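My notes follow in the order I looked things up.

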Amino acid sequence: MVEITPANIQLWSKLGSCGAYGQATLTLPNISDKIVVLTADLCSFSGLERFKNKYPERFFNIGISEQNMLGIAAGLAKEGFIPFASTYATFASMRCADQIKVCMSYMKLGVKLVGLTSGFSVGILGATHISLEDLAVMRSLPNITILSPADCLSVVKAVQAAAQIEGPVYIRLSGTMNNPIVYHKDFDFKIGKAITLQEGTDICIIATGSMVFTSLRVAEILKKYKLTTKVVDMHTIRPLDTSTIKEACKSKLIVTIEEHSKIGGLGSAVAETLSLEEKKPPHLILGADSFYAHAGDYNYLLQTYGLTTEQIVEQILNKMEKK
Amino acid sequence: MSNIDKYTNAFVETFEVDEQTAKNLKYQEIEAWDSVGHMGLIAALESAFDIMMEPEDIIDLSSYEKGKEILAKYDIEF
């Protein structure tokens, strides 16, 4: 039985977001008997072995054919099923872009597409597997709910929330195994409602996915410089919680942080909202710059793209001094 | 609780087996000890002994008996 317990939260953290997704699928048949799960030959990698063994009649391995998987998921959705389809985030968003546009965005079919290993999670496989553009792709297509959970418990909550809404959903999984824990106990996950993890008046960091935990560490370091930092977990990219963004305008500096390109993701979404405000502080967008790094492990790539805790602190301090 | 009791208890709790069964267990010998169950066991052992295991040790921990040898590297005596 998959329950939200301290032991399971620890287990999911060790498994990482892919494993947590696999565990989350085990809770879905309790939500609906229409749940089906599809994979593009990433069953074990997605943590889906237990679901496959327990519910073989609901599990479909489509093979290494992501576009076909999307098409099959769309057909299942059209017939009243609730399909969860997962693959690498870069393949999900880029390879399947046309199927997403037609079936999910235009036809609004209730496919729940899960993008595994977004950001630099599988950076050792190089640029072909790194996903720094999936939010930008998904944001450009109407009608798709976009979720970006901060840690593994959030992954479980996001998957359960996605199963309970009609319409298409994209869930972006980030981080690696031994994924840091942001939420140590059950919490209220509402699609479209950001969570303020701590209050502060000088700086407001709005982060998503893996960068939420990093932001908490950044905030802790900034205290040494007598700067108090509000940290917001923006787990839903669409519908965006614009009221929380407007509230952030009371800060001296808004910082958005994402393991994604600076173009088209969370930073862009927040900037679009801020552009409509008359009074707003400066906005520092932190994310990946537009280049492809050499293949490398997760920490190497965070360093290369300036997204380690220390590098983020330095960039924020530089921005504050320039004010 | 002694170290051996804590160690055995990690298997008992993770795989929901009795003590005697736990002491003879090997990886993938029972349904519960799959890759997910393995990480659950590792989490339980790390919590019980306040250690962080190295990746190669996590992979090598293939049985109850093997695990005792591995934990000796972390200064855990049985």
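This is a predicted model: local features need pLDDT of at least 70, side-chain atom pairs count only at pLDDT 80 or more; totals for chains, interfaces and linings use all residues.

Entry 1: I started with burial: of the 78 residues in chain B, 22% are buried. Next I looked up the secondary structure, and chain B has five helices and zero strands. Reading from the N terminus, I get α-α-α-α-α. For the dimensions, I find that the C-alpha trace spans about 30 × 25 × 20 Å along its principal axes. Counting contacts in chain B between residues at least 6 apart, 48% join residues at least 24 apart.

**Entry 2: chain A overall.** Chain A has twelve helices and twelve strands. I noted that 52% of its 323 residues count as buried. Its C-alpha atoms fill a box of roughly 60 × 40 × 40 Å along the principal axes. Of the contacts in chain A with a separation of 6 or more, 78% are between residues 24 or more positions apart.

**Entry 3: two domains in chain A.** The domain assignment gives me domain 1 (6–172) and domain 2 (195–322). Their C-alpha centres lie 26 Å apart. The contact between them takes 25 residues from domain 1 and 26 residues from domain 2. Which elements of domain 1 supply at least two residues each to that side? My list has α6 (134–139), β5 (145–147) and α7 (152–163) of chain A. By class, the domain 1 side has 13 nonpolar, eight polar and four charged residues.

**Entry 4: a sheet in chain A.** I traced an open sheet of five strands, in the order β7-β9-β8-β11-β12, with mixed pairing. β7 (195–198) and β12 (283–288) are at the edges with a single partner strand each, so one side of each has no neighbour in the sheet. Ignoring direction, neighbouring strands are turned by 25° against each other on average. I then zoomed in on one pair: β8 (residues 203–207) and β11 (residues 253–261) of chain A run parallel over five bridges. One detail I wrote down is that A:Ile205 has A:Val255 in β11(A) as its bridge partner. Helix α8 (residues 211–222) packs on this sheet and touches β7, β8, β9 (229–233) and β11 of chain A. The direction of α8 makes about 165° with that of β8(A).

**Entry 5: one residue, A:Thr25.** I found A:Thr25 in helix α1 (residues 6–25) of chain A. Buried or exposed? A:Thr25 counts as buried, because it has 28 C-beta neighbours inside 10 Å. Leaving out residues up to four places away in sequence, A:Thr25 touches A:Val37, A:Leu48, A:Phe51, A:Phe84 and A:Val159. Last, I took a distance: A:Thr25 and A:Ile221 are 196 residues apart in sequence and 37 Å apart in space, C-alpha to C-alpha.

Note on methods: Residues are numbered from 1 along each chain as its sequence is written. Chains are lettered from A and ligands numbered from 1 in the order in which they are written. Helices (H or I, at least four residues) and strands (E, at least two) are DSSP runs, numbered from the N terminus. A residue is buried if 20 or more other C-beta atoms lie within 10 Å of its own, exposed if 12 or fewer, and partly exposed in between; C-beta atoms are placed from the backbone. Two residues are in contact if their C-beta atoms, placed from the backbone, lie within 7 Å. Domain bounds come from an automatic or database domain assignment. Ala, Val, Leu, Ile, Met, Phe, Trp, Tyr, Cys and Pro count as nonpolar, Asp, Glu, Lys and Arg as charged, and the others, Gly among them, as polar. Two strands pair if DSSP finds at least two bridges between them. Axes are lines fitted to C-alpha atoms, for helices over the stretch in contact, and angles run from 0 to 180 degrees between N-to-C directions.
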